[in-house]
Amino acid sequence: MEFKYDVIVIGAGHAGCEAACASANLGAKTCLITMDMNKIAQMSCNPAVGGIAKGQIVREVDALGGYMGIVTDRTAIQFRMLNRSKGPAMWSPRAQCDRAKFIWTWREILENIPNLHIWQDTVEELLVENGEVTGATTVWGVTFYAKCVIVTAGTFLNGLMHIGRKMVPGGRTAEPASYHLTESITRHGVHADRMKTGTPVRIDSRSVHLDEMEPQYGENDFHRFSFISEPRKLKQLNCWTCFTNEEVHEILRTGLPDSPLYNGQIKSIGPRYCPSIETKLFTFPDKEQHQLFLEPEGETTHEMYLNGFSSSLPIDVQIKALKKIPALRDLVVYRPGYAIEYDFFDPTQLQHTLESKLVKNLFLAGQVNGTTGYEEAAGQGLIAGVNAAINCFGGEPFILGRDEAYIGVLIDDLVTKGVDEPYRMFTSRAEYRILLRQDDADMRLTERSYRIGLAKQERYDMMKTKRESIQHIIEFAQSYAIKANLINDALQQLGTTPLVRGCKLSDLINRPQITLKNISEYVPAFKNELDKITDRKEEIIEAAEVQMKYQGYINREKIIAEKIHRLEAIRIKDKFDYDQLNSLTIEARQKLKKINPVTLAQASRIPGISPSDINVLLVLLGR
């Protein structure tokens, strides 16, 4: 074998898999290096993909030609669309997956992509010459040479696991940590720090009184993660909910002196939005109960995941406390919850392509950038993989704007604002939520991906057909005249006000009680138009209805986004010596120097940069 590649990807988690596929599919000879080929795309925490804002990211990865959505649909054992009670900008798909099938589905995909090779080993040294990455060496003494290296090592860099006062080195339970790689990167000026995350107990379902828990049913409609997937094939299963109680809390409190989170053993910061059960007791001392979700780990296994009970308390405390929940009184666990500390790198030292500002052709993606979540990792991995391939062959950087994708919001937040805790995506982080809906990710992104050669012809053709069908429905509704005397009986049956005079069909559809489907039953010409759609009919009808009902809001956000684009067009990178700009505050000078923003818009998003600072830069640019 000749260990020379265009791109090396270190780590085969969710970021690494998407990065390797993206670079290989763009023609780069790629090697994916992983400690264990049987743990590729392991779901280290809960066996689910998606959720609020995260589901939108997965749809975006799919629209760009990534694989997370396809793998999720093939291995889903429960699907739900969250936030149905809110507007469509908030709808977020989520799926429970079969953990084992998820791994093997990913591996099958990886092994059948041209230009992609997998190597089982542990990288311990990054090779850099004259400020440019040249390859990496492994613990087995193999030297790999490459034009670009993408580090997606997850929680493995100097990983240290905690259960009570017991500490065990590792990147995941029963898996070794990765040593020396962090130091081989930081010696080139890249700043590293420590973060913490955790995971709950895994439970034997045979020991649970499920009849005493509240079932949480899934949905089995047309919704899927991938725009090109077939319907789900695995058996669909329930989740279950229960609550802690004061007895549980009292036992947990007795273990706090041995909790590594509170006895000084763990000094790094954990995820604010996925707190441990210990943290919940501290943060909400007056709360008498906390909801827990029991989630299946697979189609045929008895193993279940207890969502909401992440903990690093001693094993006996965890089990004793859980047995005070009536449905868990006979509890048997496969393994306890634990916390893990690991290294990450300051993401403000990255460009929007996720290439390091300090080491040329070194890319970082996933938890090593201070994020948390499979979905955030996958989105970063795809962007890093695309830009690594571009660096190999030439071309314009591939960067997504904040008004184009949640992935764009994610990466801009990381490189502009940095992180002081594990970053998790929420819809509230995006200024243009109504433009970044889960239903239109393909409309936003597939054409851009197709132009660079990542999204394939089949995907592009499906997107075009969908777009044309949506437009046809909208145009028909906008031009079709409705007569009051012919529709008023139907309107009363649908619970809405009768017409005084005729109107266009689109005016009726804008009413909250009216949907495309229910009104079509009373307008035969419209029903005939909908029946002409033979492929992805429900998906197209839903997308058309969202566009029609929310067109005013969509147009308003587009206008706001266009205004921001004017600042995005003003490039300021390397145009100022910020130390000499005495008209700026000291804080502004320090932060602008550190981030060195590319555009004036990016500068405006840096914490601590005021509108007056931006006005000063505008004046100086005018001069």
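## Surroundings of Cys-392

Once neighbours within four places in sequence are set aside, Cys-392 is in contact with Asp-6, Val-7, Lys-147 and Cys-148. These contacts, like everything described below, are read from a predicted model. Cys-392 belongs to helix 9, and with a relative accessibility of 14% it counts as buried. Tyr-460, by comparison, lies 68 residues from Cys-392 in sequence, and the C-alpha atoms of these two residues are 25 Å apart in space.

## Helix 9

The helix that carries Cys-392 runs over residues 374-393 and has 20 residues. From its first C-alpha to its last, helix 9 reaches 29 Å, which is close to the 28 Å expected at 1.5 Å a residue. Just after the helix comes Gly-394, which takes a positive phi of about 95°.

## Cysteines without disulfides

A disulfide is taken here as a pair of cysteine sulfur atoms within 2.5 Å, and by this rule the model has zero disulfides. Cys-148, one of the contacts of Cys-392, illustrates the point: the cysteine sulfur closest to its own is that of Cys-392, at 4.0 Å, which is too far for a bond. Cys-148 is also buried, at 1% relative accessibility, as is Cys-392 at 14%.

For Cys-31 the closest cysteine sulfur is in Cys-17, and the separation of 13 Å is again too far for a bond. Cys-31 has a relative accessible area of 0% and is therefore buried.

Elsewhere in the description stands a sheet of six strands, which is open, is ordered 14-15-16-17-13-18 and has antiparallel pairing. Its edges are formed by strand 14 (214-216) and strand 18 (333-335); each has a single partner strand, so one side of each is left without a neighbour in the sheet. From one strand to the next, the twist averages 35°.

Within this order, strand 16 (residues 291-296) and strand 17 (residues 303-307) run antiparallel and are joined by four bridges. In this pairing, Pro-296 stands opposite Met-304 of strand 17.

Technical notes
Residues are numbered from 1 along each chain as its sequence is written. This is a predicted model: local features need pLDDT of at least 70, side-chain atom pairs count only at pLDDT 80 or more; totals for chains, interfaces and linings use all residues. Side-chain values use heavy atoms; hydrogens and water are left out. Helices (H or I, at least four residues) and strands (E, at least two) are DSSP runs, numbered from the N terminus. The expected span of a helix is 1.5 Å times one less than its number of residues. Buried means under 20% relative accessible area, exposed over 50%, partly exposed in between (1.4 Å probe, protein chains only). Contact means heavy atoms within 4.5 Å. Two strands pair if DSSP finds at least two bridges between them. Axes are lines fitted to C-alpha atoms, for helices over the stretch in contact, and angles run from 0 to 180 degrees between N-to-C directions.
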